[in-house]
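Reader: I've just opened this one. Can you walk me through a few spots?

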Amino acid sequence: MSTLSELLAEHTELSGAAGGHLQRVVAEWQLLADLSFADLQMWVHSQRTHDTSDDGTSGDTTHMVCVAQCRPNTAPTVFPSDVVGTSITVDENPQVFGALVSGRILREEDPTWVGSVAIRREAVPVRFEGSVVGVLARAINLTQPRLPSPLELSYQDCANDLCQMVSEGTFPQNEGNPRGLSTPRAGDGFIRVDEHCAVQYASPNALSAYHRMGWTSELGGNNLAEVTVSLLTDPFESEEAAAMLRAAAEGHAGMRIEADAHRATVLIRAVPLRPRGELVGAVILVRDVTEVKRRDLALISKDATIREIHHRVKNNLQSVSALLRLQARRTPNEEARQALGEAVRRVASIALVHELLSGSVDEEVDLDVAIDQLVPVMADVASGGSDVVVRRVGKIGVVKSDLAMPMVMVLTELIQNAVEHGFAPEQSGLVLIETSRTTRELVITVHDNGIGLPPDFDPQKSDRLGLQIVHTLVQIELSGTLELRSGTDGGTDAVLTVPLR
């Protein structure tokens with residue numbers, strides 16, 4: 001299905017500003033659908049031309065195209081199938097065309113039947129900078145009548161005010177939301193206040209939210225700004241909330257904030273109502289996000305704890321590495337000194353992964369950063385005075401922490417093995433780390449242009465500790481494969497294949 005912007009570009013010649021206004025209406029119209037108990041459709045006048053006659057001349061092309069559709073959360077839907085992208089003519093829906101031409105809201109007195117469903121339709125012109133740029137069609141299901149409860153009456157009253165504002169181009173407003181807070185729905189908690197911020201109606205969910213904040217009586221008749229100030233913990237936050245509520249009640253641009261009370265955290269959004277330029281108050285949406293906030297804080301605390309653990313493990317491993325390095329310097333036996341040097345390198349590679357994890361917020365490691373930090377150390381310890389250059393070609397990418405640790409150890413061993421054993425004494429050479437990554441697997445090739453593999457070399461039977469570690473990690477930790485083979489231009493290729501699924 002095409003997006004709203006694609007359909008507008010295909011069917012209309014609206015300016016970018018007008019298209020942006022339609023997108024803002026669509027972004028906010030879930031509130032209107034819920035308050036209306038109605039399905040919503042956005043129609044625009046199509047300005048494409050179609051060849052309709054046999055001689056190729058352009059015929060009557062007056063039609064409108066549906067570019068967006070919304071269903072209510074508070075009532076059964078009228079249109080179970082999507083109509084986005086379909087078109088209508090004036091004969092098929094004269095009401096929508098009438099609203100487009102006249103610029104007035106048109107309502108049906110008698111219901112219309114769509115199959116076995118009786119609906120009442122309404123067409124609301126969408127105005128921007130004095131011009132009608134689209135038509136918002138409301139369709140209310142009448143087959144399941146509801147008692148005219150105070151909640152429903154208040155919902156519909158606010159919906160009519162918002163539709164009037166849409167027809168005048170004053171809704172939606174540019175709302176302040178610097179923290180990117182989510183939008184409470186009408187069902188989360190609905191409060192209607194007058195121009196003095198006195199509560200005219202509060203839904204049961206809104207009352208429950210304020211009760212959880214510490215309010216012990218009814219909200220009706222009370223000044224919502226004063227009630228909110230008395231409940232919120234932070235004095236600066238309470239004044240901000242009160243100022244927001246008063247400003248919305250006085251018709252100024254609305255806002256949304258997240259406020260902490262003694263017992264709860266609530267998300268509050270204020271939507272001013274000014275139909276026909278008349279100040280009638282505001283709609284206040286309230287959502288109790290106490291449990292969501294508690295889970296978020298728990299996750300933040302857990303994440304910080306995990307990063308701190310990685311940091312401490314890294315420090316401990318670096319201390320172990322320093323002790324091993326000190327012991328290697330004091331050991332007279334050359335073979336023991338080399339073994340301790342290899343242990344230092346292996347511990348350092350593990351410490352590096354923990355260091356990268358301590359700075360990660362999603363338990364992922366950029367292997368390119370890890371390898372780039374390890375390569376200079378490994379090249380410096382090349383035996384026999386060989387002048388070997390290690391270079392990475394391509395990006396390995398980011399992997400999860402459970403893959404990062406064994407992969408760094410495997411690559412460390414393979415690169416070190418190529419540097420130390422792939423070249424003759426005093427021989428210069430090049431070690432290339434080449435990568436190929438798909439959605440299914442990661443293939444890393446460590447290639448050297450050295451002396452190649454010894455005759456009848458079997459990596460599975462090798463007594464080298466490094467290769468034994470590599471095979472164990474590849475098979476058990478990575479569930480991958482490792483192949484050692486002669487390179488096409490000489491030297492040796494170590495091909496590591498790791499599944500990513």
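This is a predicted model: local features need pLDDT of at least 70, side-chain atom pairs count only at pLDDT 80 or more; totals for chains, interfaces and linings use all residues.

Reader: Is Ser 116 buried or exposed?

Author: Exposed. Its relative accessibility is 64%, and the cut-off for exposed is over 50%.

Reader: How far is Ser 116 from Thr 143 in space?

Author: The two are 8.7 Å apart, C-alpha to C-alpha. In sequence, 27 residues separate Ser 116 and Thr 143.

Reader: New topic. What's the peptide bond from Phe 171 to Pro 172 like?

Author: That bond is cis, with omega near 0°. Most peptide bonds are trans.

Reader: And where does Pro 172 lie?

Author: In the loop between helix 4 (150-168) and strand 8 (190-193).

Reader: Why does Phe 37 count as buried?

Author: Because its relative accessible area is 7%, and buried means under 20%.

Reader: What is phi of Arg 276?

Author: Near 60°, again a positive value in a residue other than glycine. Arg 276 is in the loop between strand 11 (265-273) and strand 12 (281-288).

Reader: Buried or exposed, that Arg 276?

Author: Exposed, at 63% relative accessibility.

Reader: Let's do helices. Which residues are buried in helix 1?

Author: Helix 1 covers residues 4-11, and Leu 4, Leu 7, Leu 8 and His 11 are buried there. They cover an arc of only 100° around the axis, so they sit on the same side of helix 1.

Reader: Why would residues a few places apart point the same way?

Author: An α-helix has 3.6 residues a turn, so residues three or four places apart point the same way.

Reader: What do the buried residues of helix 1 pack against?

Author: Helix 2 (16-36), strand 1 (38-45) and strand 2 (63-70).

Reader: Last one. At what angle do helix 11 and helix 12 pack?

Author: About 150°, with the axes 9 Å apart. That makes helix 11 roughly antiparallel to helix 12. Their crossing is left-handed.

Reader: Which residues make the contact?

Author: From helix 11, Pro 406, Met 409, Val 410, Glu 413 and Leu 414. From helix 12, Gly 466, Val 470, Leu 473, Val 474 and Glu 477. By class, the contact has seven nonpolar, one polar and two charged residues.

Methods
Residues are numbered from 1 along each chain as its sequence is written. Side-chain values use heavy atoms; hydrogens and water are left out. Axes are lines fitted to C-alpha atoms, for helices over the stretch in contact, and angles run from 0 to 180 degrees between N-to-C directions. Helices (H or I, at least four residues) and strands (E, at least two) are DSSP runs, numbered from the N terminus. Angles under 35 degrees count as roughly parallel, over 145 as roughly antiparallel, 65 to 115 as roughly perpendicular and the rest as oblique. A crossing is left-handed if the near helix is turned anticlockwise from the far one by less than a right angle, and right-handed if clockwise. Contact means heavy atoms within 4.5 Å. Ala, Val, Leu, Ile, Met, Phe, Trp, Tyr, Cys and Pro count as nonpolar, Asp, Glu, Lys and Arg as charged, and the others, Gly among them, as polar. Buried means under 20% relative accessible area, exposed over 50%, partly exposed in between (1.4 Å probe, protein chains only). The arc is that of the directions from the helix axis to the C-beta atoms.
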